[in-house]
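Q: Could you take a close look at one helix of this model for me, and then follow the aromatic rings through the rest of the fold?

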Amino acid sequence: MNIEELREYCLSRPGATEDFPFDETTLAFKVGGKIFALTSLDAQPLTVNLKCDPEWAVTLREQFSEVQPGYHMNKKHWNTVVLEGNVKISDVKAWVDHSYDLVLRSLPKATRQSVQLQV
């Protein structure tokens with residue numbers, strides 16, 4: 001998966017937005033103003049930080065060498081996924097969806113409902 005595919009998929013989630021909250025190379029994808037995916041445009045290899053259920057995060061790290069504890073993130077709740085490797089695009093999309101869903105569920109009810117109306 002390359003940066004264009006990642007960007008297109010993240011932005012296809014209902015209510016998803018993008019911005020550069022930290023610097024000109026760190027791209028954040030948000031729902032309801034909260035980050036669900038974070039990537040650096042100049043990282044080699046390309047990686048993405050995704051929120052993850054803590055138990056599943058450990059399982060993924062054990063199953064995939066491309067999945068590591070979240071770089072510069074809370075390592076209990078975030079994984080860093082190396083996108084240049086043996087990980088299937090379908091797996092990355094499922095992990096993006098999981099991250100998006102976790103963040104969406106954490107939003108206030110009114111914000112969640114507003115996002116869900118965009119479907």
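A: Happy to! In this predicted model, helix H1 spans residues 3-11, and Leu6, Tyr9 and Cys10 are its buried residues. These three lie on the same side of H1, because they cover an arc of only 95° around the axis. On the face turned away from the buried side, you will find the exposed residues Glu4 and Glu8.

What do the buried residues of H1 pack against? Their partners are strands E1 (16-19), E2 (26-31), E3 (34-40) and E4 (47-51), together with helix H3 (89-106). At the start of H1, the backbone nitrogen of glutamate 4 has a side-chain oxygen of asparagine 2 within 3.0 Å.

Now to the rings. Searching the whole structure gives two aromatic pairs. In one, phenylalanine 36 and tyrosine 100 have ring centres 5.3 Å apart and planes at 85°, so this pair is edge-to-face. Since phenylalanine 36 sits in strand E3 and tyrosine 100 in helix H3, the pair ties together parts that are 64 residues apart in sequence. Phenylalanine 36 is buried, at 0% relative accessible area, and tyrosine 100 is buried too, at 4%.

The other pair, phenylalanine 64 with tryptophan 95, is also edge-to-face, with centres 5.2 Å apart and planes at 75°.

How values were computed
Residues numbered from 1 in each chain as written. Predicted model: local features only at pLDDT ≥ 70, side-chain atom pairs only at ≥ 80, totals over all residues. Heavy atoms only, no water. Buried < 20%, exposed > 50% of the residue type's maximum accessible area, 1.4 Å probe, protein only. Helix = DSSP H or I, 4+ residues; strand = E, 2+ residues; numbered from the N terminus. Arc of directions from axis to C-beta. Contact = heavy atoms within 4.5 Å. Polar contact = N/O pair within 3.5 Å; in protein donor to acceptor, adjacent residues only side chain to side chain. Phe/Tyr/Trp six-rings, centres within 6.5 Å; stacked < 30°, edge-to-face > 60°.
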